[in-house]
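Thank you all for making time this morning. I would like to walk you through one structure, going from the whole chain down to single side chains, so please keep it in view while I talk.

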Amino acid sequence: MHRLWVQRCLQIQGLNFAPIARNLNSNTASICKIHRKVYARMYPTVVVRPDGSTINIRYSDPRKIIRLPLDLSTLSEEQRKARIEARKPIEKVKIEEEIVDDFDPSKYVNLIKK
């Protein structure tokens, strides 16, 4: 459609127009990123509300689950503290093993050849 419009405009101006045999579409840029602001493909996604209920929607980015944030001001003081503590990273406990060095070289003197 666009090619026909351009061809017609050039004919009106008296310019010679040789039609291009190349098909220009969205698949011509296969090596680099396709520069589009709106993607035609929509992906099935699950939205999880703060109360735990779920909704199935169509989303432009390929994501499996979108979790909506919880409003901490609606929680009680104990629940708020528990949520804040759960957000903190868990510290790993380092277990250091004590190596017992009871090697006595005098036991092996008889095995040394002179």
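This is a predicted model: local features need pLDDT of at least 70, side-chain atom pairs count only at pLDDT 80 or more; totals for chains, interfaces and linings use all residues.

What share of the 114 residues in the chain is buried? The share is 5%, where buried means under 20% relative accessible area, exposed means over 50%, and partly exposed lies in between, with a 1.4 Å probe and protein chains only.

Residues are numbered from 1 along each chain as its sequence is written, and side-chain values use heavy atoms, with hydrogens and water left out.

The accessible surface of the chain comes to about 11800 Å², and 56% of that belongs to carbon and sulfur atoms; these areas come from the Shrake-Rupley method with a 1.4 Å probe, and for residues only the protein chains shown count as cover.

Turning to the elements, the chain has 2 helices and 3 strands, and from the N terminus on they run α-β-β-β-α. Helices here are DSSP runs of H or I with at least four residues, strands are runs of E with at least two, and both are numbered from the N terminus.

The 3 strands form an open sheet in the order β2-β1-β3, with mixed pairing, where two strands pair if DSSP finds at least two bridges between them. Because β2 (54-59) and β3 (65-67) stand at the edges with a single partner strand each, one side of each is left without a neighbour in the sheet. Strand β1, residues 43-48, pairs with β2 in the antiparallel sense over 6 bridges, and within that pairing Thr 45 has Ile 57 in β2 as its bridge partner.

Finally, the side chains: the structure holds 2 salt bridges, each being a side-chain nitrogen of Lys or Arg within 4 Å of a carboxyl oxygen of Asp or Glu. In one of them, Glu 77 meets Arg 80 at 2.8 Å, N to O, and because these two are 3 residues apart in helix α2 (residues 77-87), they are separated by about one helical turn. Glu 77 is partly exposed at 43% relative accessible area, and Arg 80 also counts as partly exposed, at 22%.

Glu 85 forms a salt bridge with Lys 88, with the closest N and O atoms 3.2 Å apart. Here Glu 85 is partly exposed with a relative accessible area of 49%, and Lys 88 is partly exposed at 45%.
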